[in-house]
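Colleague: I'm new to this one and would like to go through it with you. Could you show it to me, and then let me ask about the labels you use?

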There are 2 protein chains.
Amino acid sequence: MNSPNEATVNQYEMIIKKARDRVIEALAKNMDLYGITLSVGHLYGTMFFQDKPMTLDEMGAAMGMSKTSMSTGVRQLMEQKMVNKVWMKGARKDHYEVDQDWYQNFIDYFSTKWRKAIDLNVQALRRSMNDLTLLKEKDDLPEELQRCVETDLEKLQNALDYYDWLSRLIDLLESHEIFQYVPKKL
Amino acid sequence: MNSPNEATVNQYEMIIKKARDRVIEALAKNMDLYGITLSVGHLYGTMFFQDKPMTLDEMGAAMGMSKTSMSTGVRQLMEQKMVNKVWMKGARKDHYEVDQDWYQNFIDYFSTKWRKAIDLNVQALRRSMNDLTLLKEKDDLPEELQRCVETDLEKLQNALDYYDWLSRLIDLLESHEIFQYVPKKL
DNA sequence: AAGTTTGTAAAGTTTTTTCTTAACGTATTA
DNA sequence: TAATACGTTAAGAAAAAACTTTACAAACTT
């Protein structure tokens with residue numbers, strides 16, 4: 001039983017391929033949570049099971065898509081730090097491989113995207129709160145507007161508190177302190 | 001100074017409007033993190049500063065858009081639990097208001113979206129791991145394929161561990177236990 | 001220096017998404 | 001029962017995104 005016939009081997013290979021494809025499909029489908037398109041998700045999945053770093057041409061062949069698409073797709077994945085460019089001994093073509101640390105991928109995505117959102121919103125909130133606080137000082141402010149300013153200021157302060165919380169949540173992730181409370185290994 | 005002229009009041013109102021618009025703009029821009037489009041984000045922002053529940057017609061007027069768009073937009077926001085339908089004493093039109101609990105909004109979004117992704121991926125992972133484990137038992141499996149199965153199984157197990165971690169992270173949020181480690185009030 | 005190879009940018013096409021107008025169904029009023 | 005109001009579905013138009021082909025610039029080879 002040590003040298004099976006070719007048909008059996010093909011069948012075995014098919015099982016592996018199907019097992020991979022199933023996972024790739026599921027993976028790709030849910031990468032929209034990372035703002036990543038289905039086809040780029042497929043690319044990621046393909047690279048995930050490739051045990052060697054891939055070139056753009058290899059990706060194009062595996063995906064049946066243009067090299068340009070691979071180039072932009074890989075760039076997106078690199079921006080999310082899900083894929084790294086690897087330097088290979090005397091090779092002209094660029095080689096890429098997936099970063100297998102999904103915990104860090106998650107954290108990086110979270111940090112980058114949400115931190116940016118927080119900064120932008122907090123900046124707007126601060127400015128508007130400042131404007132409204134100045135307005136509140138005016139002693140000829142009609143009572144109706146005064147109440148309006150009050151409630152707005154309260155809302156903005158609540159928002160600010162929330163973003164502060166979110167910022168600290170990100171800190172917890174980035175510092176890996178989270179693993180104290182939600183440990184990696186079950 | 002208790003009855004300012006009309007021009008001054010208009011100026012004051014303008015300041016409030018600008019303060020609100022700045023925040024609305026920033027808010028809307030970042031709601032893509034919730035999978036929400038810019039215009040629907042604007043709708044959310046508009047409702048956020050409205051102190052009374054709004055009808056679809058009021059929204060349409062405020063946004064300069066069709067009622068149909070308001071209908072679908074509000075539905076999206078309701079799916080994310082960012083907006084609630086409020087029942088109003090003897091009113092024919094439906095009224096909606098934003099849910100001001102941003103912490104819960106965040107948690108809900110997180111739970112819903114990521115939990116779904118986890119379930120789908122874990123299901124695929126389990127099936128493929130099962131297939132591969134069965135394949136590993138075959139005693140006529142060529143050595144090359146055997147190694148392939150081994151590394152694949154390891155990858156899938158790592159993925160499974162990651163999703164388990166993510167699931168526990170979501171538990172931490174959903175149970176509000178997170179507020180013990182990252183408290184709301186600074 | 002001429003000729004390849006490799007990666008990316010630009011332009012154009014196809015597909016998808018977003019928004020509007022029009023039509024429908026249900027509920028309310030007269 | 002007829003008439004009106006309200007929300008939503010369906011179909012079409014406009015805008016945006018994804019992909020491909022073509023073209024180009026930089027690096028390497030000879």
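**Talking through the labels**

Modeller: Let's start with one residue: apart from neighbours up to four places away in sequence, A:Thr46 is in contact with A:Ile24, A:Met54, A:Ala62 and A:Met63. Contact here means heavy atoms within 4.5 Å. Before you ask more, this is a predicted model, where local features need pLDDT of at least 70 and side-chain atom pairs count only at pLDDT 80 or more, while totals for chains, interfaces and linings use all residues. Residues are numbered from 1 along each chain as its sequence is written, chains are lettered from A and ligands numbered from 1 in the order in which they are written, and side-chain values use heavy atoms, with hydrogens and water left out.

Colleague: Why is A:Thr46 called buried?

Modeller: Buried means under 20% relative accessible area, exposed means over 50%, and partly exposed is in between, using a 1.4 Å probe and protein chains only. A:Thr46 has 17%, so it counts as buried.

Colleague: Where is A:Thr46 placed, and what does its side chain reach?

Modeller: A:Thr46 belongs to helix α2 of chain A, residues 38–49. Its side chain reaches the backbone oxygen of A:His42 at 2.8 Å. Helices (H or I, at least four residues) and strands (E, at least two) are DSSP runs, numbered from the N terminus.

Colleague: What makes B:Gln146 partly exposed?

Modeller: B:Gln146 has 32% relative accessibility, so it falls in the partly exposed class. You'll find B:Gln146 in helix α6 of chain B, residues 143–174. The C-alpha atoms of B:Gln146 and B:Leu135 are 8.6 Å apart, and the two residues are eleven places apart along the chain.

Colleague: What makes a set of residues a nonpolar core?

Modeller: A nonpolar core is a set of buried Ala, Val, Leu, Ile, Met, Phe, Trp, Tyr and Cys residues joined through side-chain atoms within 4.5 Å. The largest one has 121 residues, and those with the most contacts inside it are A:Phe106, A:Tyr163, A:Trp165, B:Phe106, B:Tyr163 and B:Trp165. Leaving out residues up to four places away in sequence, B:Tyr163 touches A:Leu27, A:Trp102, B:Ile118, B:Asn121, B:Val122 and B:Leu125.

Colleague: How do you know how the two copies are related?

Modeller: Chain B is superposed on chain A by a rotation of 180° with 0.0 Å of shift along the axis, at an RMSD of 0.1 Å. The two copies are therefore related as by a two-fold rotation axis. Both copies use the same surface, as 100% of the contact residues of chain B recur in chain A.

Colleague: Which residues come nearest to DNA strand D?

Modeller: There are 15 residues around DNA strand D, and A:Ser39, A:Ser69, B:Ser71, B:Lys93 and B:Asp94 come nearest. A residue is near a strand if one of its heavy atoms lies within 4 Å of it.

Colleague: What makes the approach of A:Ser39 to DNA strand D a polar contact?

Modeller: A polar contact is a pair of N or O atoms within 3.5 Å; within protein, one must be able to donate a hydrogen and the other to accept it, and residues adjacent in sequence count only if both atoms are side-chain atoms. A polar side-chain atom of A:Ser39 is 2.5 Å from a phosphate oxygen of DNA strand D, so the pair qualifies.

Technical notes. Least-squares fit on C-alpha atoms with pLDDT ≥ 70 in both.
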